[in-house]
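Me: I would like to learn how to read a few features of a protein model. Could you walk me through one?

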Amino acid sequence: MNYAESFVHVRRKVPKSTRKKKYIMICKKFMRVMLLSALCYSLSLQGGELKTSFEVDFTKDKIAAVGTKRPVPRGRGLLTPAGLDASGKAGSAPFRYKLDSYLNPAEGAITINFSPRIVKSSKQVNSVLLETRQGRDWFGIGYNARPDGRIYLWTAVRGPKRAADSAEVLREVKLTSQSWYKVTVSWNRDKIALALNGKLLGKTERPFKLFYGQWLKVGGSNEKVVAHGIIKSVTIAAGDAKMPVTVKAAVQPGGRWQPYNVKDYGAKGDGVTDDAAAIQKCITVAERSIQYYYAERTYPEVIIPAGTYLLSKPLVISPKQSAKGMGLQLTGIGKVVLKQPDPTKDIIYVANGYRHIFENLSFEGGKRQIKFFTKNKDRSLLLIRNCNFSNSADYAVDDAMYGVHHSKIIPPYNISFNQAGLPELTPNDLSKLPDIYFTSTLMHITGSRFTNCMKVLRAHADWGIMDNCKIETNPQMRGAAIYARGVLKLKNIDGLARVTKGRQQRWIDNIMGSVILKNVNFDAEGDIGMCPVVNRRIYDNGGLYNVAVSIDSSSFKAAGSPGNSIVYCEEVPNWISIINSSEVSGKTIPAINFRPTVNKKYLQYVAFPELVKRDPELARIYGYMVSMPRVYDDVVGYKYKNNFAFNLHSNKNISVKLPKVLEQFVEPPLPKNIQAGFNPPPQTVSIAYMKKIFTKTLNVRDFGAQGNNSSDDTAALQKAFNAAGKAGDTELLLPNGIYRITKTLVLPKNIALRGLGNACLSGKDRVDTILQGKDVLNLSFRNIGFNRAKNALVIKTKATDASKILMDNCKFSEIRNLAINCSAGKGLANEPNKTEFLLGNAVFGRVRQLIASNAENARFTASWVTTDKTLENGAVFVNKGRLEISDLVGVPHMNHARWIDNYGKLIVNNVRFGGEGNRPNDLIDSRNNDNEIFVENSWFFCKGRSIIYCTKIPKIVALRNNCGIPADLQTMITVKNASKDDLVGRFFESCNISPTTIKTE
């Protein structure tokens, strides 16, 4: 409609009372166009460069044009902010562009970035991405969604002399719902060519040109249904100069359908452009979508497409220090490199660390590549998965905190905001501040690689886990590659040391707590090895901060290193266990070497000021404790013996000779059949396994779910579940948000749910159960929160089915009864079944009971657990099958309840049970005569009660390498209704602080 037509339209259709206002609006638009045209004409007369370039940006509701002879028509339909037809109906022209003479339409190209959607329909629905007509001649490109869920791209050309669709460029190419595609139609005077994601698909066989003087229409549908695709941008380059017209679609109201993409905010990823501001803008916008529920939040996912992104300054995540606790997921798609050429600047600074995930990213250069800072926020979680770190000038990953005390923690940077609202950093001088030990953080680094970093990891986290990683050290490194301040476990690690003499290089410094190595291979180039562990903290005889080193089934090249041993002790810890391990150089070296002279006097007396005299750096490590008048008095009798233990056996090329005063603390090994019981069976369920099964995707927003924390999303989510179950092999995507549930949702037998970032299913009006599944075969949950219900998830499987259940990075809060009930067959204890269950990287807050399961192979790992004070006379875990609990931080707020009721086989590894509060709870209750319990590398606090209470006499109880408060304050094992003869051949222990005591009732 031109401006003359607009006046006629107003005169005929608009009431007299509002005509004047409408006339003024039209005149203003007309004047803007005339001024713009005059400017362009002036530029052309003066010899200036005349560009034909348009940008239609609906995020700002404006049209920007430079050098145009006429305005670009304003968009409708798919390009409105709703991403749908302006009138709510399909078929209208959402965007039209006329191929007029000044653009020479004889040749050019049109590129459309789009994402297909599925519409629930009993018949095939066609979406037209682009079309042009002249009389009966017609050219079109689009895709169709079929009732069975399949989607295909199509193109068609027809005219008077051609049979319908007889000259198609390509009939069908299969597409995937929710994925983004770039389709390009290029033409010249002879033919039309079609490319998908840069790959040529075909050309027309006969000469053909787009119609001179006709309109191109972008978007639409041939059915009277809501348009079901999202067009992100359209670029038209017509004429010899290939000068583009770009149309950008806006974000949909009610939350995003897709993750935030840094390229939508101007990031190039070409390795030349400074992308820091563009990526920062994307992160800043994404963080506005965070919603809070209880002590949790839903947070978004920011994706970075393949490319090399040059950064001039650090990316700041969660800059608002006043926030309750932020969160963000940063994910690379393809090969993504974040490059910082300045060795004095960090790559990523997480300023308000709480729930953060970094996945599929490569970091190059810079000072620290991920600096994670949290002011000791309870239940903080940092997950780093499948990332590469190279050439950092300092620690690649660092979560250290510094300050005068936990009450006065100083951040590494002060944050201000520039005029664009983006954060700016000013560093603080932390060089003279002591460490703040422990950060209330669970850090999990998995599947990652560290190459030539000056340092690898500084971990102050309460619990740190690094597994399935590779490390290659920097030859210029000084000191330790890994600085372990809390409890750190390394599992399935391959390391190569590039050793340089004189730099006191070593793999790990154990500073405060425990270091655990399992299946670790630390090799070295050349003839000189590198010491695996240097223990720098002295033992503790109070039981609160036991210091330990545990090494199992590992190999090292340590010969010739300054420590020339597997563990070098600058100070003596409480216990050291080295079993089933070897020195690979062929030389025999000591298992343990000592810097101090170890005698009875050393073991009986120590004060913090004395420690600092021996090693001045300990003033920073121990911080304010240095000034405390704490002195260990002479220890005698059982206290003295209960402070130390050494477990050294089944090793190769490792000498177990110790100073004479320590020989009395050497423990005999467990029987081989008992040692084997600590190894859980392998699992086949994994994220990779689920990705192979669930190859299709649907989005819950396509079914009307809002996720706005107020709308009732029950019906929409149930429709989405039903559609996913019918389609089969389908992953259901939930954009971050809070989805209100008013009644139980029923799951299909096969389904995957994944939050784009983190999404929450929140019960309303006291829902009994949020999700329920029967005869489940394959079930996957990733990035999903469960909130406000009696039960979160009830799963039933057939005993004869090889069912697999995965839960990764899920959150549970305000669950009044049981978070997860996984029942195979009839749900009986030790009932034969084939169900596998894996839960990892989870957080439980204010949950009465976590899991009840009789699965044949269940594993619960790398998680935070804070129980609810309303739990009375029950158990947090109920195991009726085979359950492994590993790498878990447990904080109790329960009264007269237990951590675990065990009826089957239980394996516990690297778990903290208790420690905050003074509630008298038994930890594990053995409730079956045939059950088995294996516990190692764990820390116990159950003051006044028993670590294991046997209601019935178990088949086996074995404890290895555990510690806790002294034996006079808690009992290791209590057996009810038993005589001493009943205990023979059932209880085994080695290297525990304190040693096992068995009491009968």
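Me: Happy to start with a charge and a ring: over the ring of which residue does the charged end of Arg355 sit?

Reply: The rule asks for NZ of Lys or CZ of Arg within 6 Å of the ring centre and within 35 degrees of the ring normal. Here the charged end of Arg355 is placed over the ring of Tyr354, 4.2 Å from its centre. Lys880 is another case, over the face of Tyr903 at 5.7 Å from the ring centre. Before going on, note that this is a predicted model, where local features need pLDDT of at least 70, side-chain atom pairs count only at pLDDT 80 or more, and totals for chains, interfaces and linings use all residues. Residues are numbered from 1 along each chain as its sequence is written, and side-chain values use heavy atoms, with hydrogens and water left out.

Me: How many aromatic pairs are there?

Reply: A pair of aromatic rings is described by the distance of the centres and the angle of the planes. Rings of Phe, Tyr and Trp (its six-membered ring) pair if their centres lie within 6.5 Å; planes under 30 degrees apart are stacked, over 60 edge-to-face, and the rest tilted. By this rule the count is 17 aromatic pairs. Take Phe644 and Phe665: their ring centres are 5.2 Å apart and their planes at 40 degrees, so this pair is tilted.

Me: Where do Phe644 and Phe665 lie?

Reply: Helices (H or I, at least four residues) and strands (E, at least two) are DSSP runs, numbered from the N terminus. Phe644 is in the loop between helix H7 (637–641) and strand E49 (645–649), and Phe665 in the loop between strand E50 (654–655) and helix H8 (672–676), so the pair ties together parts that are 21 residues apart in sequence.

Me: What are the ring distance and plane angle for Phe913 and Phe940?

Reply: Their centres are 6.4 Å apart and the planes at 10 degrees, so that pair is stacked. Phe913 belongs to strand E67 (residues 905–913) and Phe940 to strand E70 (residues 939–940), so the pair ties together parts that are 27 residues apart in sequence. Phe913 and Phe940 are buried too.

Me: Which residues form one aromatic cluster?

Reply: Phe781, Phe786, Phe812, Phe844, Phe860 and Phe877 do.

Me: And what share of the chain's residues is buried?

Reply: Of its 1001 residues, 60% count as buried. The chain holds eleven helices and 76 strands.

Key:
Buried < 20%, exposed > 50% of the residue type's maximum accessible area, 1.4 Å probe, protein only.
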